[in-house]
Structure formats: C-alpha cells, structure tokens
Amino acid sequence: MTDLLRKPSGISGKVHDITPASAGWGYVGFGLYHLKSGERAAEQTGETEVILVLVEGKAKIIGSGKDFGELGDRMKVFEKKPPHCVYVPAGSDWTAEATTDCVLAICTAPAMPGREAQQIGPEGISLVERGKGANTRYIYPIAMEDRDVADSLLVTEVFTPSGNWSSYPPHRHDEDNYPEMTYLEETYYHRLNPAQGFGFQRVFTEDGSLDETMAVSDGDVVLVPKGHHPCGVPHGYEMYYLNVMAGPLRKWRFQNHPDHDWIYQRDSK
C-alpha cells in the first residue's frame, strides 16, 4: 500500500500540509486551514506560486503587499457559488484573517517571481457541465490553461451529483509527451454532502504496478502521482472536490484508459 489517502490532522488550524517532499513527487503542494472568525494564517511563498481558494466563508486577504479586502460569499461549499481566489507569486507572502468561520485552501507549485498578485473569481468563473447521464458533473475552472494566471498551477473545482461518477472515463496524465500527454501530479480535496457520507476513488496504472481503491470521507485528500483516477459517490450524497495539478508544462493533456475510451467516444457524439 502507498500513502495516497491523507486524512485531516485535526478540526482547526492547518489540517492538511502536503508538500512535494511529503508526497514523494516534484511539483504539487496542498494545504488547508480551518479558521474561526478573527483567526489568522500567514505564509511565505518562497520558491512556489500560490493560489488561495476560499472554499467556505469569508476572510481579509493580503498577498504580496496588495490588500484585497474581505473576500468570499460562499458560506457552505455546496451552495455552488463561484469561488473567490487570490494568486500570490513566488518570492512574496500572504496573510488571511477570517471574518467568519472559513475553510481556506492553499494550492502551490514551483515558479519564478515576477507575476503580480491578483484576485481570481468570482467574475469570469462560470459553472460548466461535463459528461452525460450518471457521468454528469459540474466544474468551476478556476485557473486552467486558458487563463494566463500562473506559471505552473492548474486549479479547478468539481461538483458530482448524488449517485454519479467523476474523472470518468478513467484518464491519466503521467507522461511528459506533449502534445499527446502532459505530466501532471494532482491532488483531490474531497467534501461530501451530507458530511457523514463517503465516496470512492481508484488510482491505478494500466500495468497494475499501482492499484488502490480508497473510501474517502469529508475532508480527505487523495494524491494522484500517476495512473487513472476516477471517483464516484453513492446515492443520497453529493461530492465536491478541489483539484490542484502541476508539472513541467502548464497544459492539461490526458489519455483515456484504452478499455474505457469507448464511453467517451460514444458520449462526445
């Protein structure tokens, strides 16, 4: 067994602190704060760029010396309002002071200094429907490659309805072979509604060298170092996840599993 399923370390403060070193890879970092009103979080960005995502609640955010004021209006993630996010470049710092109880995600990847700190969303982030039938899900593309807002980071949110599958048909992006495929490490931060629910995620390679199926609970993070990585949620519960991807090239090019690509081909007609 590998250590792909990461449970939160507690219920307050920094409950996830995943670094490339702790993940055993080279690019993606993911942190998560649970803050009460009046509590603060602050970090240096160092050699990484950062996208702060207000998953829930409101906070006053300063990034790279720029005061963005109070951001956030999605008090519960399953309200499905578009997120308020902030980009902070490498070689700087950020602070966040919660003005309500809030959940703040910290998405990081290697970068050079030079970009300007900026707010991302909610303007310009629209809900996109993807898939058909029980494969339907809804996406907020926060910082994908069509938006020149980062050097390395690709960040997106996905809402998967009750009983549906997501990141499906199974696909992978684990070879640096552009334009056919790009190498992208990825994290999935999962939430469930109602919170006592559960979902499943399988991470597997075609040669069988990696094959893990995990039951995920509200607040868990799954690491995807390579291979295919579909997930699903049982009837009665809906799933949210925040994806962070990064690699040597800021482009998302993947290949579907050859056994299951027929589903994509059928549904894309």
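A residue is called buried when its relative accessible area is under 20%, exposed when it is over 50%, and partly exposed in between, using a 1.4 Å probe and protein chains only. The model is predicted, so local features need pLDDT of at least 70 and side-chain atom pairs count only at pLDDT 80 or more, while totals for chains, interfaces and linings use all residues. Residues are numbered from 1 along each chain as its sequence is written, and side-chain values use heavy atoms, with hydrogens and water left out.

**Exercise 1.** Decide whether Gln 201 is buried or exposed, and find the partner of its side chain in a polar contact.

*Solution.* Begin with the relative accessible area of Gln 201, which is 0%, so this residue is buried. Next, look at its contacts (heavy atoms within 4.5 Å): leaving aside residues up to four places away in sequence, Gln 201 touches several residues, including Tyr 188, His 190 and Glu 212. Finally, examine the polar contacts, which are pairs of N or O atoms within 3.5 Å where, within protein, one must be able to donate a hydrogen and the other to accept it, and residues adjacent in sequence count only if both atoms are side-chain atoms. The side chain of Gln 201 makes such a contact with the side chain of His 190, at 2.8 Å.

**Exercise 2.** Determine how many disulfides (pairs of cysteine sulfur atoms within 2.5 Å) the structure holds, and examine Cys 85.

*Solution.* The structure holds zero disulfides. For Cys 85, the nearest cysteine sulfur belongs to Cys 107 and is 7.8 Å away. Cys 85 has 0% relative accessibility and therefore counts as buried.

Terms used. Disulfide = S-S within 2.5 Å.
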